[in-house]
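Have the coordinates open as you read along.

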Amino acid sequence: MTFAPAASPSEAVLDFERAYARQRARGRLTFLVVTAALLIAFVVTADFSNLLKVSQITLSDGSRAERWILLAGLPRLGEYLAKTIPQLSWETLGADLAAWFWRWKVWGWLLLETVLIAFMATALGVAGGFVMSFPAARNLSPSRWLLWLSRRYLEIARTVPELVFALIFVFCFGVGPMAGVLAIALHTCGALGKLYSEVNENIDMRPLEGVKSAGGSWADQIRYGAVPQILPNIISYTLLRFEINVRSSSIIGYVGAGGLGQELRTAVSLQEYTDLSALFIIVFVTVFVIDWGSEKLRHRIIGMERIH
């Protein structure tokens with residue numbers, strides 16, 4: 001029996017360096033190709049969206065000049081924002097604020113309606129998304145056709161914009177909070193169902209196998225094997241979605257689905273710029289408070305999960 005002579009250490013080092021150099025060359029080539037493709041896509045998209053469009057504008061002295069439409073429009077944005085800020089002075093600050101938020105009682109009730117719409121929509125969406133997430137998970141679905149149907153349903157629910165759902169439900173049920181609740185709930189069901197199903201696909205299957213070996217049904221496997229593992233993530237995603245729904249509920253009212261959106265529409269239509277800024281501040285403060293509270297609660301839940 002003959003043996004091939006072993007390569008010397010110097011030859012092994014040279015082989016390694018040559019293989020490493022080839023790998024680096026392939027990596028650089030891949031990086032250049034991907035970078036070039038992204039640059040081409042950026043240029044094409046920027047041209048399609050008029051980011052690179054050049055337009056003629058009238059200067060302050062009356063002359064005409066060519067400018068990028070983006071740069072030409074930014075000063076207009078500043079002018080619009082300046083119109084929304086009322087005149088405030090220290091001497092009459094109380095009266096100025098009272099005049100700024102002159103409809104605070106009406107806005108307060110509409111803000112409460114907005115938050116309640118978001119809460120009810122989140123509750124309904126969480127219930128639907130939670131139930132649909134199990135047949136939509138590849139490792140938990142009891143059959144292939146149920147997996148396909150549940151995934152398609154969740155895709156449709158989260159793909160259609162909330163405003164479109166709101167318009168449909170306003171047509172069906174009339175103007176009011178019900179249309180807003182149903183529109184946000186349906187979209188929430190699709191979005192959370194997708195997130196929940198991804199969490200389900202990453203669980204440890206051994207507890208479910210133990211329940212199955214003890215004679216447990218599919219529902220028993222989900223109840224005792226899957227739910228305890230996913231519950232912290234479910235709560236975290238739910239709180240995050242509630243923040244999103246508060247913002248959404250203040251927008252869909254624009255089409256008559258309840259909440260502050262109708263006031264926003266009125267302010268924009270009548271060019272009541274100071275009312276628009278007052279409503280923006282109300283929504284901003286509300287979302288900030290809910291976001292801060294939800295973040296603290298999420299971190300507490302994550303911390304408890306790590307401790308256990």
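Arg-152 and Glu-155 both sit in helix α5 (residues 144-159), 3 residues apart, about one turn of the helix; helices here are DSSP runs of H or I with at least four residues. Their side chains join in a salt bridge, 2.7 Å from N to O, where the term asks for a side-chain nitrogen of Lys or Arg within 4 Å of a carboxyl oxygen of Asp or Glu. By this rule the count is 6 salt bridges.

This is a predicted model, with local features needing pLDDT of at least 70 and side-chain atom pairs pLDDT 80 or more, while totals for chains, interfaces and linings use all residues. Residues are numbered from 1 along each chain as its sequence is written, and side-chain values use heavy atoms, leaving out hydrogens and water.

Three of these pairs are set out below.

| Pair | Closest N to O |
|---|---|
| Asp-204 and Arg-206 | 2.9 Å |
| Arg-103 and Glu-263 | 3.0 Å |

The pair of Arg-103, in the loop between α3 (93-100) and α4, and Glu-263, in helix α10 (residues 261-269), links distant parts of the chain, 160 residues apart. Glu-263 is buried at 14% relative accessibility (buried is under 20% relative accessible area, exposed over 50%, partly exposed in between, with a 1.4 Å probe and protein chains only). Arg-103 is partly exposed at 25%, and Arg-206 is exposed at 61%.

Now for the helix packing: the axes of α4 (residues 104-133) and α9 (residues 218-252) come within 9 Å and cross at roughly 145°, with axes fitted to C-alpha atoms over the stretch in contact and angles running from 0 to 180 degrees between N-to-C directions.

Conventions:
Helix = DSSP H or I, 4+ residues; strand = E, 2+ residues; numbered from the N terminus.
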